[in-house]
Amino acid sequence: MILNHKKILYASLLSASLLTSSLSANTSEELVNSIIKLRGDVENLYTDIKENKQRYRSEMKSLSIQITDSEAQINRKSTAIKLAKNELEKIKTKIKETSSGNTEIKPLVLNALNLLEKSIKEGIPFMVDARVADLHKIKSDLNENLITNEKALALTWASYDDTIRVTKEIGLFKQPIEFKNKKVLAQIAKLGSIALFFSTPSNEVGFVIKENGEYSYKHITNPEDIKKIVALFDALQKQIRTGYFELPNALVLQGAN
C-alpha cells in the first residue's frame, strides 16, 4: 500500500511538472509574439516618423522657395512702381511746361465741363453716372497735369459731340434703374431725348416721367399700354427704327432751363 501511495504521489508530481512546463511554454510564446508585434509597431512608427520628416523638409523647402520668389516679385514690383512714379512726374512736368503757354484755356474747359455735367444730370436719365464719371475723369486729369489743356479741350469737345449724339439716338440699351425702391438692371428703349421706356428682368414695363424737376420710373399696369411698349421693344430688337408706333404718353423735357 505504501508503495502504491508513492507511485500515486510521483505520478501527481510528474503531472504537475508537465502542466507547469506547458503553461510556462505558452506564456513564453505569447510573450515572444507580443514582443515581435510591439517591435513591428515600433518599426512602423519609426518609418512613419521618417516619412513625415522627409515630407516636412520637402514642404519647408518648397515654402522657402516660394517665399524667396515672392520677395523677388515684390522687389521687382516695387522697383517698377518707383520707375513709373518717376516717369509720371516727368510727364506731369512736361505737360505743365507744354500747357504753360495756354493757361487761359483751363478755366474755359473746366467751366464747359461743369455746364455739360449740369445738362446731363437735368436731361433724360440715360447712362448718367457713366457719362458724368467721364467728365470727372477729364477734370481730374487736367487738374493733376496728366493731360495738356489742349487735350482736355479736345476731350471736352468730344463729350459735347457724344451728348448731341445721345439726343438723336434711338435703340435698345441696358442700365441700372431705381424701380420699386431697389436697383435693377433693366432694358432701355430710348427715343432720342424725348422718351425712355424700360423693361425689367421680371417683365414689368414702364417709362420715365419728370415731376418737380426729378425723374422717376413709372410702372405701367394697363394691358393695352403694356402691349404698346412690348411692341416697341420687339421692333427695336429687330432693328426697326422707323415707322408708326402707338405709345403711351411718355414725353419728357431735356436740358437745363
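Visitor: Why is D141 counted as buried?
Guide: Buried means under 20% relative accessible area, exposed means over 50%, and partly exposed lies in between (1.4 Å probe, protein chains only). D141 has 11% relative accessibility, so it counts as buried. The model is a predicted one, in which local features need pLDDT of at least 70 and side-chain atom pairs count only at pLDDT 80 or more, while totals for chains, interfaces and linings use all residues. Residues are numbered from 1 along each chain as its sequence is written, and side-chain values use heavy atoms, with hydrogens and water left out.

Visitor: Where does D141 sit, and what does it touch?
Guide: D141 belongs to helix α3 (helices are DSSP runs of H or I with at least four residues, strands are runs of E with at least two, and both are numbered from the N terminus). Once residues up to four places away in sequence are set aside, D141 is in contact with L146 and I147, contact being heavy atoms within 4.5 Å.

Visitor: What makes α2 roughly antiparallel to α3?
Guide: The axes of α2 (residues 105–122) and α3 (residues 128–143) come within 10 Å and cross at roughly 170°. Since angles over 145 degrees count as roughly antiparallel (under 35 as roughly parallel, 65 to 115 as roughly perpendicular, the rest as oblique), the pair is therefore called roughly antiparallel. The axes are lines fitted to C-alpha atoms, for helices over the stretch in contact, with angles from 0 to 180 degrees between N-to-C directions.

Visitor: Which residues bring α2 and α3 together, and how many of each class are there?
Guide: Among those in α2 are V109, L113 and I120, which belong to a set that meets residues of α3 including V132, L135 and L142. By class, this contact has 10 nonpolar, three polar and five charged residues, where Ala, Val, Leu, Ile, Met, Phe, Trp, Tyr, Cys and Pro count as nonpolar, Asp, Glu, Lys and Arg as charged, and the others, Gly among them, as polar.

Visitor: Why is α3 called roughly antiparallel to α4?
Guide: Helix α4 (residues 149–168) packs on α3 at an angle of about 170°, with the axes 10 Å apart, and that angle makes α3 roughly antiparallel to α4. R131, L135, I138 and L142 of α3 make this contact with residues of α4 including A152, L155 and V166.

Visitor: What makes a group of residues a nonpolar core, and which residues have the most contacts inside the largest one?
Guide: The residues must be buried Ala, Val, Leu, Ile, Met, Phe, Trp, Tyr or Cys, joined through side-chain atoms within 4.5 Å. The largest such core has 13 residues, and I177, L196, F198 and Y217 have the most contacts inside it. Two or more residues come from each of β1 (170–179), β2 (182–191), β3 (195–199) and β5 (214–219), with β2 giving the most, three residues.
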